[in-house]
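Please keep the sequence and the 3D view open while you read.

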Amino acid sequence: MTLYLIIVAFLTVSLANRIVKVFTKYVLTSVYEFYGVDRGLGYSFNRMIYYTVMIAALAISLTTVGLDLTAAAAMLGVLGIGIGFGMRNIAGNFISGIIILFERPIEIGEVIEINNKIGKIESIRLRSTIVRTAKEGTLIVPNQYFIEQIIKNRTGSEMLAQVLISVAYGTDTDKVEKLLREAVEVVMPKTEGVLTAPAPDIRFVDFRNKAMDFLIEVPVANFEAKQKFESRLRHVIAEKFYKNGIELATAQLLSNE
């Protein structure tokens with residue numbers, strides 16, 4: 001083993017990394033567009049090609065510096081047994097990542113809901129998946145979560161902007177509902193992505209320990225519009241309630257539930 005061979009091995013891996021990225025970005029992208037391959041399937045193909053080429057490049061580089069791959073494989077096999085017990089979660093996420101790439105239960109660009117957080121899938125890696133949300137920023141979700149948990153795929157389904165309001169018990173419920181409807185009518189024309197059909201739904205949904213709950217549901221086109229509409233609607237509701245003397249249920253009343 002010489003310094004020259006080490007440099008050659010390093011350059012082999014670096015060159016393979018650069019070539020496969022250029023190939024998938026400029027060549028395969030055109031092929032996918034020509035044959036109408038959807039984005040998720042194309043991404044899966046790209047990742048499989050990338051990992052295959054990099055494993056081959058790593059094997060070639062190790063052979064170049066004079067390492068016996070047969071002996072290395074035997075050694076790694078022995079070490080793998082011990083390491084595997086301590087890295088079960090990592091191994092589970094790795095296998096789950098492979099299953100996701102082949103089975104494609106979720107794909108790049110889809111909108112999903114995780115623990116009441118709505119976000120768009122940006123990247124699927126072998127160990128984790130990157131999901132970008134409007135409020136919480138970027139979520140790094142272990143791949144095993146998608147295999148073992150129930151995930152709501154919001155892509156192509158109706159999305160609702162929802163605002164829950166709790167007012168003090170004894171408030172005129174008809175007046176509250178009227179003010180909420182007025183607030184919705186004010187905000188809808190000013191927010192892009194809000195759908196006109198089906199019509200907004202405003203309901204008196206529940207009693208809670210000296211509090212009364214009202215729920216507003218309005219169909220929207222995407223989760224960006226959902227976040228903007230809900231925020232603007234809360235502003236208008238707060239203004240209308242203040243002007244009309246409507247009191248919200250206090251935090252103490254709600255915590256005593």
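V22, F23, Y26, V27, V31, F34 and Y35 make up a nonpolar patch on the surface of this predicted model, and together they have about 750 Å² of accessible area. A patch here is built from residues with over 30% relative accessible area and no salt bridge, joining nonpolar side chains (Val, Leu, Ile, Met, Phe, Trp, Tyr) within 5 Å and like charges within 9 Å. The areas come from the Shrake-Rupley method with a 1.4 Å probe, and for residues only the protein chains shown count as cover. V27, one of the patch residues, belongs to helix 1 (residues 3-35). Its relative accessible area is 38%, so V27 is partly exposed; buried means under 20%, exposed over 50%, and partly exposed in between (1.4 Å probe, protein chains only).

A word on conventions. Residues are numbered from 1 along each chain as its sequence is written, and side-chain values use heavy atoms, with hydrogens and water left out. Because the model is predicted, local features need pLDDT of at least 70 and side-chain atom pairs count only at pLDDT 80 or more, while totals for chains, interfaces and linings use all residues.

Now the whole protein. Its secondary structure comes to 8 helices and 8 strands, taken as DSSP runs numbered from the N terminus (helices: H or I, at least four residues; strands: E, at least two). Of the 257 residues, 33% are buried. The protein exposes about 16000 Å², and carbon and sulfur atoms supply 60% of that area. Among contacts (heavy atoms within 4.5 Å) between residues at least 6 apart in sequence, 67% join residues at least 24 apart.

Next come the salt bridges, each a side-chain nitrogen of Lys or Arg within 4 Å of a carboxyl oxygen of Asp or Glu. The count comes to 8, and the table includes three of them.

| Pair | Closest N to O distance |
|---|---|
| E182 and K240 | 3.5 Å |
| E230 and K226 | 2.8 Å |

E182 and K178 both sit in helix 6 (residues 173-187), 4 residues apart, which is about one turn of the helix. What does the pair of K240 and E182 tie together? K240 lies in helix 7 (residues 223-243) and E182 in helix 6, so this pair links parts that are 58 residues apart in sequence. E182 counts as partly exposed at 25% relative accessibility, and K240 is partly exposed too, at 21%.

Helix 7 also holds E230 and K226, again 4 residues apart, about one turn of the helix. Are these two residues buried or exposed? E230 is buried at 5% relative accessibility, and K226 is buried with a relative accessible area of 10%. Salt bridges that share partners join K178, E182 and K240 into one network.

Last, the strands, where pairing requires that DSSP finds at least two bridges between two strands. Strand 1 (residues 111-114) pairs with strand 2 (residues 117-124) in the antiparallel sense over 4 bridges, and I114 has K117 in strand 2 as its bridge partner. The two strands form a hairpin with 2 residues between them, and N115 in the turn has a positive phi of about 50°. Strand 2 also runs antiparallel to strand 3 (residues 128-133), joined by 5 bridges. In that pairing I124 stands opposite T129 of strand 3, and strands 2 and 3 form a hairpin with 3 residues between them.
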